[in-house]
Amino acid sequence: MVVLGIETSCDETAASLVRRNPDGSGDILSNVVLSQLDEHAPFGGVVPEIAARAHVEALDGIISQALARAETTFDDVDAIAATSGPGLIGGLIVGLMTGKAIAAATGKPLYAVNHLEGHALTARLTDGIRDPYLLLLVSGGHTQLLVVAGVGDYRRLATTIDDALGEAFDKTAKLLGLPYPGGPEVERRAASGNPLRFDLPRPMRGEERLDFSFSGLKTAVRQQAAKHARLSEEDVADLCASFQKAVTDTLEERLSRGIERFRADFPEIDTPALVVAGGVAANRAIRTALASLTDRHGFRLIAAPIELCTDNAAMIAWAGAERMALGLPADTADVAPRSRWPLDESAEVRIGSGRRGAKA
Ligand code: KG4
Ligand code: ZN
């Protein structure tokens, strides 16, 4: 089964062809991603109107490229999968309408995919996991810990009560005068900094519930920075290193509780997996911290290659393929995009949960 995936929920215009084999394994036949980073960078963040217009201009060409690279045509495609939420509504409309048009013209079924489900199921594509697993989704718009018990079965264990982790990296970068997107820049500066120089908080430490909080940490960086009339390169590096250390300490403490919870809920799984996805998963200090955490707890860490951690359409195609393989019904032509669409609809609404707006 071959599925064409379309992703336009934020600032990447992406299309991909993915094959799902009868044994449940998958192959990515093509994975084309056009980043709009340069168009948004001057504004220090994603501008929804610019994003929507850029998707309109680029999407048909990106789909043609994805078909060409996979050496395939619409005739060989069994289904279309398009992101229909959560995200920026303008971009979602562009991608979903394009998906509907292709489905109508070719007579193929259309699957309207939750972008977060794409992130959640990627490990089943890359690593063929079938057991339930723990998923840490850390991006510019989300910080969630979920149990992925199967296709369509997601239970949120924790979410951020204020800023997403990527957002905290981006805001920290901004207040230190570093360019957008801040995450990679903070990581780069941190490499030469002293993580012990500044005393920053470890938010939520010791709290019984599993949730995350990052806005206080960013504020603490601001207060420390304000004590200096002018920040030297060394000050910036030390602040970045201290911030990143506070982040990794916090993730380790919060996740060790999540891991224990998962172990208690699924005692039959021998070596459970912690999967990390989302743009922040590109951070090497975070990957290293998670690797030692999982080692200590007898879990294995699965971190997808960076291009499958950040937004892409292969994960959308795969989510569509998984649904099709299960015989789940396709969506009809009147399916509507949803700017807010939590994965676990039964979980209490919080800021970080399937939220409206930028970056899922
Ligand atoms: O997954 P992504 O490309 O878009 C979504 O949010 O869906 O993630 C972007 C976020 C941004 O906040 C960016 O600063 C952060 O991921 N990020 C990083 C790193 N690379 C990207 N944060 C920390 N360290 C990095 N190396
Ligand atoms: Zn995403």
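Me: In which loop is the place of P181?
Reply: This is a predicted model. The peptide bond that leads from Y180 into P181 is cis, and its omega is near -5 degrees. As for its place, P181 belongs to the loop between α5 and α6 (182–190).

Me: What share of the contacts with a separation of 6 or more comes from residues 24 or more positions apart?
Reply: Contact here means heavy atoms within 4.5 Å. Among contacts in the protein with a separation of 6 or more, the share from residues 24 or more positions apart is 74%.

Me: Are α2 and α3 roughly parallel or roughly antiparallel to each other?
Reply: Two packed helices are described by the angle between their axes and the distance between the axes. Helix α2 (residues 48–69) packs on helix α3 (residues 89–106) at about 30 degrees, and their axes are 9 Å apart. Angles under 35 degrees count as roughly parallel. The two helices, α2 and α3, are therefore roughly parallel.

Me: Is the crossing of α2 and α3 left-handed or right-handed, and which residues make the contact?
Reply: The crossing in which α2 passes α3 is right-handed. On the α2 side the contact uses A52, H55, V56, L59 and I63, and on the α3 side it uses G90, G91, V94, G95, T98 and I102.

Me: How do the residues of the contact of α2 with α3 divide?
Reply: Gly counts as polar in this division, and the α3 side of the contact includes G90, G91 and G95. The residues divide into six nonpolar, five polar and no charged.

Me: Are α5 and α8 roughly parallel or roughly antiparallel to each other?
Reply: Helix α5 (residues 165–175) and helix α8 (residues 233–265) have axes 12 Å apart, at an angle of about 165 degrees. Angles over 145 degrees count as roughly antiparallel. The pair α5 and α8 is therefore roughly antiparallel.

Me: How do the residues of the contact of α5 with α8 divide?
Reply: The crossing of α5 and α8 is right-handed. Its contact is made by L165, A168, F169 and T172 of α5, together with F243, Q244, V247 and L251 of α8. These residues divide into six nonpolar, two polar and no charged.

Me: Is E71 buried or exposed?
Reply: E71 lies in the loop between α2 and β4. Its phi is positive, near 50 degrees, in a residue other than glycine. With a relative accessible area of 73%, and the cut-off for exposed being over 50%, E71 is exposed.

Me: Does M204 count as buried or exposed?
Reply: M204 is in the loop between α6 and α7 (215–226). M204 is not a glycine, yet its phi is positive at about 75 degrees. Buried means under 20% relative accessible area. The relative accessibility of M204 is 11%, so M204 counts as buried.

Conventions. Residues numbered from 1 in each chain as written. Chains lettered and ligands numbered in written order. Predicted model: local features only at pLDDT ≥ 70, side-chain atom pairs only at ≥ 80, totals over all residues. Heavy atoms only, no water. Axes fitted to C-alpha atoms, helices over the stretch in contact; angles between N-to-C directions. Helix = DSSP H or I, 4+ residues; strand = E, 2+ residues; numbered from the N terminus. Parallel < 35°, antiparallel > 145°, perpendicular 65-115°, else oblique. Left-handed = near helix turned anticlockwise from the far one by under 90°. Buried < 20%, exposed > 50% of the residue type's maximum accessible area, 1.4 Å probe, protein only.
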